[in-house]
Amino acid sequence: MKHTHNHQGNCRDLLGQLSDYVDGVLQDELCMELERHISECKNCQIVVDTMKKTIYLYHSTSSNGEIPAGVRSRLFSSLNLEEFLKPE
Amino acid sequence: MDVGELSLEALKTGDRAEFARMVDAYSNQVYRVALKILGDEQDAEDVLQDTFLKALQSLSAFEGRSSISTWLYRIAVNEALMLLRRQKPEIQVVPDEQADEDDFTLVQFVDWCCLPESELLSTEAQVYLEQAVRDLPEKLRLVFILRDMEGLSIHETSEALGLSETAVKTRLLRARLKLREQLSTYYGERLGKEKV
Ligand SMILES: [Zn+2]
């Protein structure tokens, strides 16, 4: 499963642009160049796809949950804000 | 939560009701980020309280150049790091292993994107995801947590961490590359077990 990724000098150069590319902020010119490359380079295509998926997985499992009620009421107490502690 | 209506002026003059509204508006994000950095609920709760105490003390000096949200992230990260330093003082002397160096080599070229969501987000996988972030060098971890997990922009992340945007981008790329390698190792093994 392991092999080095230097069959084309291009692959290495593109590494630095990966973040901008997956964030959609890579300059048009560079973006086209990168897309041309990955259309011909299986490994780079995989790196792009799995990086996107990695970010997606972390984003989707990052909870937006509320803090536990006990934590909230202790927070209000520690700030002497009990009088404002109404249930949400 | 409607945070657009918070009045910085009222906060600065010590309006306690307004401060309570600020606490309610931002306590979730502060607690969440502390929990991600520290991985322990009691520690996260301590940091939550310390963050708003610190905020209360330094409101008068807050000029509103960044958003209240970013300002609180910054305080929370600092409080969390101070707690880590107290718990493990030795970390301070051990520099992060070449977090900024540019010698990254890709090794994993397994395409695991096709794994079903049930496999990608199984309970076991989620434990692995959390551990992989915890294993990142601290410099990379903080950037990744704020940018990719909390969803801050590059600019907001740079303000929250007191870093240049270039440094944020460099660290973010390294964090993403490292995690991608880790996840490829993990999911690659699962892929082998899948019957196609
Ligand atoms: Zn390539």
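This is a predicted model: local features need pLDDT of at least 70, side-chain atom pairs count only at pLDDT 80 or more; totals for chains, interfaces and linings use all residues.
Helix α7 spans residues 138–149 of chain B, and 11 of its 12 residues are buried, so the helix is largely enclosed by the rest of the structure. The buried set begins with Glu138(B) and also holds Leu140(B), Arg141(B), Leu142(B), Val143(B), Phe144(B), Ile145(B), Leu146(B), Arg147(B), Asp148(B) and Met149(B). Charged side chains are thus to be found here too, with Glu138(B), Arg141(B), Arg147(B) and Asp148(B) among the buried residues. Just after the helix, Gly151(B) adopts a positive phi of about 80°.

Two packed helices are described by the angle between their axes and the distance between the axes. For α4(A) and α6(B), the latter covering residues 123–134, the axes come within 11 Å and cross at roughly 105°. Because angles of 65 to 115 degrees count as roughly perpendicular, α4(A) is roughly perpendicular to α6(B). On the α4(A) side, the contact is made by Leu57(A), Tyr58(A) and Thr61(A), and on the α6(B) side by Gln126(B), Leu129(B), Ala132(B) and Val133(B). By residue type, this contact comprises five nonpolar and two polar residues, with no charged ones.

Turning to chain A itself, the chain contains five helices and zero strands, giving the pattern α-α-α-α-α along the sequence. Of its 88 residues, 40% count as buried. Among contacts in chain A with a separation of 6 or more, 43% are between residues 24 or more positions apart.

Where is empty space left inside the model? Rolling a probe the size of a water molecule over the atoms shows where such space remains. The count comes to one cavity of 30 Å³ or more, and the largest cavity has a volume of about 50 Å³. Its lining consists of 11 residues, with Cys11(A), Leu14(A), Leu18(A), Cys44(A) and Val47(A) lying nearest the centre. Three helices of chain A, α1 (9–15), α3 (28–40) and α4 (42–61), each supply at least two residues of this lining.

Conventions
Residues are numbered from 1 along each chain as its sequence is written. Chains are lettered from A and ligands numbered from 1 in the order in which they are written. Side-chain values use heavy atoms; hydrogens and water are left out. On a 1 Å grid over the protein atoms alone, a cavity is a set of points where a 1.4 Å probe fits but cannot get out, and a pocket is an open set with protein on both sides within 12 Å along at least five of seven lines; lining residues have an atom within 4 Å of a point. Grid points are joined across faces, edges and corners, and a volume is the space filled by probe spheres set on the points. Helices (H or I, at least four residues) and strands (E, at least two) are DSSP runs, numbered from the N terminus. Axes are lines fitted to C-alpha atoms, for helices over the stretch in contact, and angles run from 0 to 180 degrees between N-to-C directions. Angles under 35 degrees count as roughly parallel, over 145 as roughly antiparallel, 65 to 115 as roughly perpendicular and the rest as oblique. Contact means heavy atoms within 4.5 Å. Buried means under 20% relative accessible area, exposed over 50%, partly exposed in between (1.4 Å probe, protein chains only).
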